[in-house]
Amino acid sequence: MKKLLNDAAKRGIRYRETLATRKVVPEQASLDALDQLDEAMPEQGESDMATLAMLDELVSPATVAMAGPRFFGFVVGGSSPVTLATNWLSAAWDQNVHMHAAAPGPARLEQVAIDWLVDVLQLPPGTGAGFVTGATVANFTALAAARHRVCEDAGWDVEANGLIGAPEITVIIGDEAHPTLTKSLGLLGFGRNRVVRVPVDDQGRMIAAQLPEIDGPTIICTQVGNVNSGAFDPVGEICDVAKPQGAWVHVDGAFGIWAAASKQLRPLVAGMDKADSWAADAHKWLNVPYDSGVSFVRKPNDLKAAMSITAEYLPVASVRRNPSDFVPELSRRARGVDIWAALRTLGRSGLEGMLDRCCALARRFESGLHDAGFDILNDVVLNQVLVSFGDADVTRRIIDAIQKDGTCWCGVTVWQGQTAMRISVSNWSTSEADVDASLAAMLRIAREVSASNS
Ligand SMILES: *Cc1c(COP(=O)(O)O)cnc(C)c1O
């Protein structure tokens, strides 16, 4: 066992040591070599050392350096060394954190992590939370609590009776809501399309003045941190209009919610604490390993009502919080451990510093690309930059060449009708030198592609 686990650690460390210097995309030969994985299911088991070696030799080179400093696709962050370390150790514990009695240490630590998150994100004291796989499920979980509350207020037990025959519930979303939010609504029986869409402005922000009249059971889904522009819905303003009418206001804050942890960024989320529920990702900007999202609900009992179960073999009378009362899963890993470790090692100032640094690096991309004559399509208020290199075809070909070059990695998007390259800065290890090297590659490739065009 010792030899095997030491070998795994050694291989993992070697992988991380080469992350900053390797090409971001895998070589074609490494992708071709994946064919060797297509073995028949073995009759007799193979050796564990050889299996680990095969995994490292075949699959490590076929990964994208997503955890590295020059991956700017999506808003994925990259696990920091300490959170990888705590993830390894807690995997060794192999704890099932479904209830306090079965996993007292990790369950206790998760409560600490919740308290710290509520503090650092400036959510209302007493807010409850559950650790889930990511923001998709965090939205789902929080909206299940919303569904419980609005149904109960209308005299309907939705957990027992479902939505068939239930009082009509109006669900309002912004026109730029993340597709996983509408998916969550579909999973909850609200329908992906049976929603009222509120128009957005040129940054993708919901226009509060265009909220429909609120009448009867209503759930409003807002967003902080548009996945393209980084823009924030005016959540405070929406709460001021909707809360007195009895609506539930939810905030999809997958990565944007972290703005609350920075003095400089905090004005972007002004009034967010007036909402009823919030979804956050830790595997994005907090830079912990996948899968790690958090669902927050102002009144923990609303979440508990939607999520808790009883069974004879599961003790319920615990003086301490049973984690599974607040999430869709029963069995799960100790997700809160990595979050706790990230917050403990960063501290309030370290977290703020990381967030501010990512935003400053995004502005560095913005000015480098703008000075080179390219159009920046968004107001760079956070960590997101949208750049157009010309028409859709040229922009796509330049992005394609940037991805193949491997100095850095950025994706393509269409923003309000215009094809653009999307740069997300969310990794703890990205430096000014990484941005400058990436900018140099982008500008060189843009020149080459444009020259070959004319
Ligand atoms: C990333 C993202 C999601 C989905 O999060 P996952 O962790 O991938 O499930 C939802 N909403 C927003 C705004 C996001 O940025």
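Me: Which residues is Leu286 in contact with, leaving aside its neighbours within four places in sequence?

Reply: Leu286 is in contact (heavy atoms within 4.5 Å) with Trp258, Ile339, Ala342, Leu343, Leu346, Leu351 and Met354, once you set aside neighbours within four places in sequence. This is a predicted model, where local features need pLDDT of at least 70, side-chain atom pairs count only at pLDDT 80 or more, and totals for chains, interfaces and linings use all residues. Residues are numbered from 1 along each chain as its sequence is written, and side-chain values use heavy atoms, with hydrogens and water left out.

Me: OK, where does Leu286 lie?

Reply: In the loop between strand S6 (277-281) and strand S7 (293-297). Strands (E, at least two residues) and helices (H or I, at least four) are DSSP runs, numbered from the N terminus.

Me: And is Leu286 buried or exposed?

Reply: Leu286 counts as buried because its relative accessibility is 1%. Buried means under 20% relative accessible area, exposed means over 50%, and partly exposed is in between, using a 1.4 Å probe and protein chains only.

Me: How far apart are Leu286 and Trp258 in space?

Reply: 8.0 Å, C-alpha to C-alpha, though they're 28 residues apart in sequence.

Me: New topic: which residues touch the most other members of the largest nonpolar core?

Reply: Ile220, Phe296 and Ile423, out of 79 residues in that core. Helix H11 (residues 336-371) gives the most to this core, 12 residues. A nonpolar core is a set of buried Ala, Val, Leu, Ile, Met, Phe, Trp, Tyr and Cys residues joined through side-chain atoms within 4.5 Å.

Me: What does Ile423 touch?

Reply: Not counting residues up to four places away in sequence, Ile423 touches residues including Phe72, Phe365, Leu369 and Met442.

Me: Switching to helix H9: which residues there are buried?

Reply: In H9 (residues 235-242), the buried ones are Val235, Gly236, Ile238, Cys239 and Ala242. Seen down the helix axis, they fall within an arc of 160°, so they line one face of H9. That arc is taken over the directions from the helix axis to the C-beta atoms.

Me: What do the buried residues of H9 pack against?

Reply: Strand S4 (218-223) and strand S5 (248-252).

Me: Last one: where does Arg332 lie, and what does Arg332 touch?

Reply: Arg332 lies in the loop between H10 and H11. Residues up to four places away aside, Arg332 touches Gln95, Asn96, Val97, Glu110, Phe131, Pro323 and Val327. Arg332 counts as buried too, because its relative accessibility is 7%.
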